[in-house]
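Take a look at the complex below. We will walk through it step by step, beginning with a single residue.

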Amino acid sequence: MVKNRLKVFRVMKDLTQEELAELVGVSRQTIIAIEKGKYNPSVYLAIKLARVFDTTVEEIFTIEEEK
Amino acid sequence: MKKRKIVLSIFLSLVAVFIILGLLLSPAYVIGAAILLPIYALIIEYGRIVETDEWEKSVNHKAGFYSLIFTIFLQIGVFLKRFFETGNNPEPVYYLLIIFPVVLYYLIVLFQGVFSVKNARMILYVFGGIWILFALLSEGFTIGGLMQSLFGIGFLIVAGVSYGSTIISAFLSFLYAVFLIVFVIVNSKNPENLLILFLTMGLPLIISGTLLLKTEKGGE
């Protein structure tokens with residue numbers, strides 16, 4: 001299962017969902033879906049998000065082993 | 001997303017208008033709805049009028065998948081309604097309503113697979129198996145049943161050859177498709193049977209042949 005800290009990074013950078021969506025070229029709904037863990041982004045989008053926050057993909061997205 | 005919803009609303013409204021016109025004036029208006037729906041799907045998937053991002057596309061694909069399942073249940077309902085109304089085996093068109101979306105979905109999924117040769121074999125095994133089962137269930141272990149099951153065995157032979165040579169198997173797949181289309185499918189008495197036979201005999205062989213050819217050119 002993929003967990004993410006996208007909301008933490010976004011708030012730290014003082015960005016709204018709309019602003020982040022615009023920066024990475026997706027809709028606000030996509031950002032909401034990712035933050036809620038309803039959607040796992042493509043590698044392409046994950047890298048774009050990591051670049052916005054000047055970090056690595058692994059810092060934002062982690063794989064949680066299922067029991 | 002907002003733009004997509006607006007376009008979807010316009011398309012669905014137009015479809016509804018065509019259906020209402022069909023009910024009130026002439027069934028010919030329903031053709032308008034039948035033309036509009038695939039146009040909408042193609043615009044959303046490939047068009048540039050409405051830009052859809054990856055999540056929106058995944059939503060579309062999920063919606064398509066669940067709609068397909070619902071449609072199949074609906075068509076099984078229509079099939080059963082016809083059966084209980086008449087008490088007889090429903091006409092081929094009722095079978096076609098169920099077979100068509102299932103076969104099409106299955107073939108599209110397999111056609112997109114990376115491991116082409118495995119998918120080609122899967123198509124051949126499944127459709128070969130269906131035809132053998134159909135022959136034996138309808139005719140039993142009689143000479144007629146065994147003769148009919150030869151159609152399915154042909155599929156299995158093509159699949160077997162693919163373990164040795166994919167190019168020969170692809171050639172055999174196309175050859176068998178042409179043979180079935182020329183000698184079996186076009187001799188079918190009514191157009192509905194013709195379509196069912198094409199979907200379950202001709203098309204699977206053409207697609208498996210294409211997949212095997214793709215593999216030969218470096219598909220796997």
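This is a predicted model: local features need pLDDT of at least 70, side-chain atom pairs count only at pLDDT 80 or more; totals for chains, interfaces and linings use all residues.

Start with B:I181. B:I181 sits in helix α7 of chain B, which runs over residues 166–185.

Which residues does B:I181 touch, leaving aside those up to four places away in sequence? They are B:V186, B:F198, B:G202 and B:I206. B:M201 is 20 residues from B:I181 in sequence, and their C-alpha atoms are 8.2 Å apart in space.

How confident is the predictor in chain B? The mean pLDDT of chain B is 83. In this chain, 92% of the residues score at least 70. For the complex, the predictor gives an ipTM of 0.78 and a pTM of 0.67.

Now turn to chain A. Chain A has 67 residues, and 37% of them are buried. It holds five helices and two strands. Follow the sequence and the pattern reads β-α-α-α-α-α-β. Next, consider contacts in chain A between residues at least 6 apart in sequence. Of these contacts, 57% join residues at least 24 apart.

Helix α3 of chain A deserves a stop. Which of its residues are buried? They are A:T30, A:I31, A:A33, A:I34 and A:E35. These buried residues pack against several elements of chain A: β1 (2–4), α1 (6–12), α2 (17–24), α4 and β2 (61–63). They also pack against α3 (54–86) of chain B. Just after α3 of chain A comes A:G37, with a positive phi of about 75 degrees.

A:D14 lies in the loop between α1 and α2 of chain A. Its relative accessibility is 66%, so A:D14 counts as exposed. A:D54 lies in the loop between α4 and α5 (57–60) of chain A. A:D54 is exposed too, because its relative accessibility is 72%.

Helix α4 of chain A covers residues 43–52 and includes A:R51. Is A:R51 buried or exposed? With a relative accessible area of 67%, A:R51 is exposed. A:V24 is 27 residues away along the chain, and the two C-alpha atoms are separated by 9.3 Å.

Finally, see where the chains meet. Nine residues of chain A are in contact with six residues of chain B. Together the two chains bury about 640 Å², with 54% of that area on carbon and sulfur atoms. How many salt bridges does the rule find across this interface? It finds zero. Polar contacts are present, though: five residue pairs are counted, both partners at pLDDT 80 or more. Look at the side of chain A that touches chain B. Its largest share, three residues, comes from helix α3 (residues 28–35) of chain A. By class, this side has five nonpolar residues, four polar residues and no charged ones.

Conventions. Residues are numbered from 1 along each chain as its sequence is written. Chains are lettered from A and ligands numbered from 1 in the order in which they are written. Side-chain values use heavy atoms; hydrogens and water are left out. pLDDT is the predictor's confidence in each residue, from 0 to 100. Helices (H or I, at least four residues) and strands (E, at least two) are DSSP runs, numbered from the N terminus. Contact means heavy atoms within 4.5 Å. Buried area is the accessible area (1.4 Å probe) that two parts lose on being put together, summed over both. A salt bridge is a side-chain nitrogen of Lys or Arg within 4 Å of a carboxyl oxygen of Asp or Glu. A polar contact is a pair of N or O atoms within 3.5 Å; within protein, one must be able to donate a hydrogen and the other to accept it, and residues adjacent in sequence count only if both atoms are side-chain atoms. Ala, Val, Leu, Ile, Met, Phe, Trp, Tyr, Cys and Pro count as nonpolar, Asp, Glu, Lys and Arg as charged, and the others, Gly among them, as polar. Buried means under 20% relative accessible area, exposed over 50%, partly exposed in between (1.4 Å probe, protein chains only).
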